[in-house]
Amino acid sequence: MCGIAGILNPSLPVDENLFPSMLETLYPRGPDEKGTYVDPNVILGSRRLSIIDLEHGKQPLSSWDDSVWVVLNGEIYNYNELRYGLEKKGYRFKTKTDTEVLIHLYLDEGERFVEKLRGMFAFALYDKRKGDLFLARDRVGKKPLFYTQTGKKLLFGSEIKCLLKHPEVHRNPNYTALYHYFTFRHIPRPLTAFEGIFSLLPGEMLRINRQGEMKKSTYWSVSFDPTSIQEDEALKILDDKLREAVKLRVYSSDVPVGTFLSGGLDSSLIAALMREYSGGELHSFSLVYEEEENPDAPFARMMAEKLGTTHHEYILKTDEITPALPGIVKAFDEPFGGVISTYFLSKLIAQHVKVALSGDGADELFGSYANHRLAWPIYYYLKGDKAWENWLGENEKVQAIADSDPGVWRMKLYPFNDELKRSLFSPQFLSHLNGTSTSSLVEKQFQEIRSSDPLNRVLGVDFHHLLPDEVLTYVDRLSMAQSLEVRSPFLDQEVVTFAASLPGKMKINPSGTKQILRKLASRYLPTSIIERPKKGFILPFHKWLLGSLGSYTREAMSPRNLKRSGLLKAEPIIGLMEKQQKGEKDYTYGLFSILMFQLWWETYFS
């Protein structure tokens, strides 16, 4: 695992004196060592967290004749298999790293070599012979990669802060991206919070040639159209694929691997499978709150005892949160109103291991969230089929939001719709929007998912947007801020492709959520774990925001501080806080998003 960065200037020599400060912003991603390759027209750099071939894995790495250079952030889990095939063809290796496999695979296959990679990755590969630079990101979006152009010059990096260090990259806010943020609680890709800086999308490759011409292409996509399959067969295939995914992630490491363990279904199943492949001591980790009830803790402890792990708990105090928020804001480089608890738990995990497995991705593949639970009831309700009344007790919500366009009813579940947002924004903010509509964006997201299955269509939208733009964003940024690598077996491409193809009713039905996964888990877990409702590592901000953190929240969103950005109006925001305080309506997510926006603006623009 690493942080990577680079500059390509096809027409002029690059100024290597500007690069060290860019690379040093990535220190937490790779505190073990750094490396740089300088060519007249390109610079590649890496900050390394040593996990595979600890002694010889320093990056950048080159081919034997130094004609091809590469930097890699992430892990290629099938690198041994790929290496074996390349060695049979006569390729010789300098190291035992997964990074070097990229070079020889490129020389053997050409630019489509990325299609053979199985892992989580973002990499840059430079071919000196052709003058081509290739950037690519993994299929699901587990590892980030940002880029910007100034003239014909291309700059890229694992984090936005890296690009902002270059004097030619300007800190101009992207108002369209920020407008969407207040609905989604994250920035929708490929946009970022900064004008002119973009994110490479999952499954996307970018090539820039010696003339400075840039071309993007998509090398992978997944269909959420259901196939016909019997449940027994589906369980066998899912079991085999998930076991293989866990095995690959445990064995592809030269350092010990631990596991997140909340006591819920997803992390407990991964920990149980991991136990089969982990010889010796296995460390597990969970988060508990000092001043709150902790219904998860007994289940996490029970699973730890059952699996024989060495279990650790991070006891989070509310007075730790506000001092940590500036660091959390800097980890994202953008406003982010989603989960932040990973920051605290990763701090504990990194004291014991460099790598940990997690249960991330199961919700988006098998169905868990409110919009997932509503997909089938709304479908039946609109057909006039009474079957909708039997689904998971969502009757009142179904009648309130049902619409034949899933983008319309999905928009009703977000904290802020277009109308409410516009009432919060100043004329200055609104003047930059030119008719921007988040409702239209959500409807477009649904139009892009062509699935005949009502639930799978909703899952497909979340897989392509919520998962990489929010879930995997906080997993990556907050763990790497603590120099911890997180691996997600549920997001193995084989598991993803198969899960996406399963009929929606195998995932959610009147019996509950994640049904096929719960049936698989019954082979490995106690009934008490399988039947638990979802909790996860989520901070109880609905209690804290205007409670124990109330003075901090009110100060950050005071008229005086809101006026500093000139983008938000104080009166309606204070009105939201008053309604929240009186219990008239829950605006927790929206208010937290405003708080994080204010902190971000103060950090990057004040």
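**Strands, salt bridges and rings**

Author: Happy to. Keep in mind that this is a predicted model.

Reader: What does β7 pair with besides that, say β6?

Author: Strand β6 (residues 119-127) is joined to β7 by six bridges, again antiparallel. There, alanine 122 faces arginine 137 of β7. The two strands make a hairpin with four residues between them, and glycine 131 in the turn has a positive phi of about 75°.

Reader: Is β7 enclosed or open, and how many of its residues are buried?

Author: Six of the six residues of β7 (residues 132-137) are buried, so the strand is largely enclosed by the rest of the structure.

Reader: Which residues point which way from β7?

Author: Asp132, Phe134 and Ala136 point one way, while Leu133, Leu135 and Arg137 point the other way. In a regular strand, side chains alternate between the two faces of the sheet.

Reader: Nice. What's the strand order in the open sheet of six strands?

Author: The order is β2-β3-β1-β9-β8-β10, with antiparallel pairing. β2 (33-39) and β10 (197-199) are at the edges with a single partner strand each, so one side of each has no neighbour in the sheet. From one strand to the next, the twist averages 15°.

Reader: And how many bridges hold β10 to β8?

Author: Three bridges join β10 to strand β8 (residues 146-150). In one of the pairings, phenylalanine 146 has serine 199 of β10 as its bridge partner.

Reader: Switching topic: how many salt bridges are there?

Author: The count is 37 salt bridges. One of them pairs lysine 241 with glutamate 494, with the closest N and O atoms 3.2 Å apart. That pair links distant parts of the chain, with lysine 241 in helix α6 (residues 231-251), glutamate 494 in helix α19 (residues 493-501) and 253 residues separating them.

Reader: What about lysine 514, which residue does it bridge to?

Author: Lysine 514 forms a salt bridge with aspartate 266, and their closest N and O atoms are 2.7 Å apart. Lysine 514 is in the loop between α19 and α20 (515-521) and aspartate 266 is in helix α7 (residues 265-277), so the pair ties together parts 248 residues apart in sequence.

Reader: Are those two buried or exposed?

Author: Lysine 514 and aspartate 266 are both buried. There is also a network in which salt bridges with shared partners join Arg29, Lys143, Glu159, Lys161, Asp333, Asp476 and Arg477.

Reader: OK, rings now. How many aromatic pairs are there?

Author: The count is 33 aromatic pairs.

Reader: How do phenylalanine 425 and phenylalanine 429 sit, then?

Author: Their ring centres are 4.2 Å apart and their planes are at 20°, so the pair is stacked. Both phenylalanines are buried. Ring pairs also link a cluster that includes Tyr175, Phe425, Phe429, Trp600 and Trp601.

Reader: Last one: which arginine lies over tyrosine 589?

Author: That would be arginine 185, lying over the face of the ring at 4.1 Å from its centre.

Key
Residues numbered from 1 in each chain as written. Predicted model: local features only at pLDDT ≥ 70, side-chain atom pairs only at ≥ 80, totals over all residues. Heavy atoms only, no water. Buried < 20%, exposed > 50% of the residue type's maximum accessible area, 1.4 Å probe, protein only. Pairing = 2+ DSSP bridges. Salt bridge = Lys/Arg side-chain N within 4 Å of Asp/Glu carboxyl O. Axes fitted to C-alpha atoms, helices over the stretch in contact; angles between N-to-C directions. Phe/Tyr/Trp six-rings, centres within 6.5 Å; stacked < 30°, edge-to-face > 60°. Lys NZ or Arg CZ within 6 Å of the ring centre and 35° of its normal.
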